[in-house]
Amino acid sequence: MSEQLSDEADEHRGGFPVWTASTAGPDFGRFVEAMRTLQDLAVSADAPDDVFALAADQAEKLNELLAPYKAAEGKAPAGRAIELPGRGSLLMLPWRIEKFDAEGVRSRGVFRRYHLGGNGAAHGGVLPLLFDDLFGMIVHAAGRPISRTAYLHVNYRKVTPLEVPLVIEGAVDHVEGRKTFIKARLTDESGTLLADGDALMVQLLPGQP
Ligand SMILES: CCCCCCCC/C=C\CCCCCCCC(=O)SCCNC(=O)CCNC(=O)[C@H](O)C(C)(C)COP(=O)(O)OP(=O)(O)OC[C@H]1O[C@@H](n2cnc3c(N)ncnc32)[C@H](O)[C@@H]1OP(=O)(O)O
């Protein structure tokens, strides 16, 4: 997979830089998972203010530790660590890719407490994030040139639960010149449809951001 991520000709990249998979050390995955748990706790903890004061002190210390290492886009392992859930990016859902080829992409995972919307269900805004990231991977796995999302449509068919193993799978539906039309479905492990979506991804022209 890492080969596929970096060997495209310039005319297929628009203004995008070459994207290479990261070779992060073993502690990076542990750090990301600890940060995800911290995100879960940050949105769920009901602690006394003196506990939040201690937590703020420690969070500020952590910021001081990492600040000198802030790097330009494409340099940090986050987003490029393809072996980690969500490719090691806290922005992405912590899901694992289990199929990645020209026929489509499938990924599996759970929504966590951090992703709570209301009454036990995933926030409506995190589903398009999951779909959009999958659509980007589908375009890439299908060998299509670097493209951006022109539109993304999600149908919410059933309430999407937290902490329940789910599967998202999609593929290219059809191609018209620069336009790649994609479809995907989010189900639980028994195949019950929770949401489906479709998108138009448009190939970038040379130099297009
Ligand atoms: C997430 C990926 C993770 C992958 C990881 C795996 C490894 C992969 C590794 C590396 C891959 C990296 C992949 C990066 C991917 C990044 C994705 C994003 O960033 S999505 C950010 C949000 N989207 C934008 O910010 C776009 C903003 N919009 C634009 O830039 C333009 O509007 C753009 C490029 C989409 C089109 O603009 P124009 O000027 O080039 O082209 P015009 O002429 O407007 O459209 C071309 C055709 O598309 C239709 N079209 C355009 N927008 C449409 C729309 N909204 N609805 C319907 N048709 C539309 C038009 O009608 C036209 O069709 P006719 O050729 O005439 O048939």
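Me: How do the residues of the shell around the ligand divide into nonpolar, polar and charged?
Reply: The shell holds ten nonpolar, five polar and four charged residues. Ala, Val, Leu, Ile, Met, Phe, Trp, Tyr, Cys and Pro count as nonpolar, Asp, Glu, Lys and Arg as charged, and the others, Gly among them, as polar. This is a predicted model, where local features need pLDDT of at least 70, side-chain atom pairs count only at pLDDT 80 or more, and totals for chains, interfaces and linings use all residues. Residues are numbered from 1 along each chain as its sequence is written.

Me: Which residues come nearest to the ligand, and which elements give two or more residues to its shell?
Reply: Gly-136, Arg-148, Thr-149, Ala-150 and Val-202 come nearest, out of 19 residues around the ligand. Helix 4 (126-141), strand 3 (147-156) and strand 6 (193-203) each give two or more residues to the shell. A residue is near a molecule if its C-beta atom, placed from the backbone, lies within 6 Å of it. Helices (H or I, at least four residues) and strands (E, at least two) are DSSP runs, numbered from the N terminus.

Me: How do you know how compact the protein chain is?
Reply: The chain has four helices and six strands, in the order α-α-α-β-β-α-β-β-β-β. Its radius of gyration is 19 Å, close to the 17 Å of the globule rule for 209 residues, so the chain is as compact as a globular protein of that length. The radius is taken over C-alpha atoms, and the rule is 2.2 Å times the number of residues to the power 0.38.

Me: What is the pLDDT of the protein chain, and where is it below 50?
Reply: The chain averages a pLDDT (the predictor's confidence in each residue, from 0 to 100) of 92, and 93% of the residues score at least 70. Over residues 1-9 the pLDDT is below 50, and this stretch has twelve contacts in the model beyond near neighbours in sequence. A contact needs two C-beta atoms, placed from the backbone, within 7 Å. Where pLDDT is low, the predicted coordinates should not be read in detail.
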